[in-house]
Amino acid sequence: MRIDGRDYRTIWLDPDGRRVHIIDQTRLPHRFETKTLASCEDAAAAIANMNVRGAPLIGVTGAYGMALAAWRDPSDAAIESAHALLLATRPTAVNLRWALDRLRALLLSAPVSDRVSLAYAEAAKIAEEDVAACQAIGRAGAELIDKARRGDRPVNILTHCNAGWLCAVDWGTALAPIYAAARQGIPIHVWVDETRPRNQGASLTAFELLGEEAPHTVIADNAGGHLMQHGLVDLVIVGSDRTTRAGDVCNKIGTYLKALAAHDNNVPFYVALPSSTVDWRIADGVRDIPIEERSPREVTHISGRGADGTPIEIQLTPDGSPARNFGFDVTPSRFVTGLITERGVCAATEKGLQGLFPDLAG
Ligand code: MRU
């Protein structure tokens, strides 16, 4: 996708073929900076500190983290310890485990002398697969947006968090259909939930949509229900960090409340995800998906740009008030109208997912 007229992906390999570059998402939208990852520890820190974030991108960064580890030491012990280090960074997005398991299985079954080149090739393959999956999600989702057209007025789509190209390698998941629809000339307007506490909507989704010249409006997280009651939302599209084989969807905290409001107002609620986000081992998302709890400081404080342009952080809560910071919630499948995947749209049910992915469902 484009920034200042130049095409970028969120992660790319240095010309040395070993070090990895990322866009530092903690600096957006006010500063565009990149970071270099030269070791597995750098990759783990970038995931934990959310320099990179979003389920597909966490998976790809994990894969490159394994490659960086193999570059330093391709032994079995080093590969096992890199897998453990990277897996411990963030617990909810299943794409991370999926990518790490894939690299570990490949490397441990290969001769030690081949492991470095195999690791980099596999990480690049995962990245390319992600781009292709997101493009296919875009095509499938754009058809839904087209069907939601009513006369000449723009289709109003509400989204939560950032599930655009910054959450993946390119294109994104929930925003891919929006980008595809806009390129097809379908008039759209996006309601962007600010997405407290880290404000990925206000900072990252708004930044992306601005770059794509896509009409959008940032709203407080609590505004969605009101907009739906007044007919101002035609459909909701969000991403997912982990979806169970029965179609329960885990996504950024606050997604569940949007699904409830959509259900009450007969607004279609779609979830866009590549198959790497499906956890085929579990069915009950509320019971079985680990929910990340992050530092309370992300709730008690807020950061942004000061009047003089410098980054600032300010405190919102009184000294001494305890806070808790749950990163994700689970929307039960009964509130999900459909899943938009790289193989098309299906019901958020075991049967629906099995129908599209008989090779993965087991
Ligand atoms: O905490 P984050 O910013 O990594 O959370 C990201 C989300 O919740 C996205 O909506 C999710 O990863 C889906 S994007 C494929």
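## Salt bridge between the domains

Between domain 1 and domain 2 the count is one salt bridge. Glu292 pairs with Arg90 in a salt bridge, and their closest N and O atoms lie 2.7 Å apart. The model is predicted.

Polar contacts also cross the interface of domain 1 and domain 2: the rule finds 14 residue pairs, with both residues at pLDDT 80 or more.

## The domain 1 side

## Domain layout

The domain assignment of the protein places domain 1 at residues 2-129 and domain 2 at residues 139-361. Domain 1 brings 31 residues to the contact, and domain 2 brings 37 residues. Taken over C-alpha atoms, the centres of the two domains are separated by 24 Å.

## Buried area

About 2700 Å² is buried between domain 1 and domain 2, and carbon and sulfur atoms give 58% of this area. On the domain 1 side, Arg53, Thr92 and Val94 supply 22% of the area buried against domain 2, more than any other three residues.

Technical notes: Residues are numbered from 1 along each chain as its sequence is written. This is a predicted model: local features need pLDDT of at least 70, side-chain atom pairs count only at pLDDT 80 or more; totals for chains, interfaces and linings use all residues. Side-chain values use heavy atoms; hydrogens and water are left out. Domain bounds come from an automatic or database domain assignment. Contact means heavy atoms within 4.5 Å. Buried area is the accessible area (1.4 Å probe) that two parts lose on being put together, summed over both. A salt bridge is a side-chain nitrogen of Lys or Arg within 4 Å of a carboxyl oxygen of Asp or Glu. A polar contact is a pair of N or O atoms within 3.5 Å; within protein, one must be able to donate a hydrogen and the other to accept it, and residues adjacent in sequence count only if both atoms are side-chain atoms.
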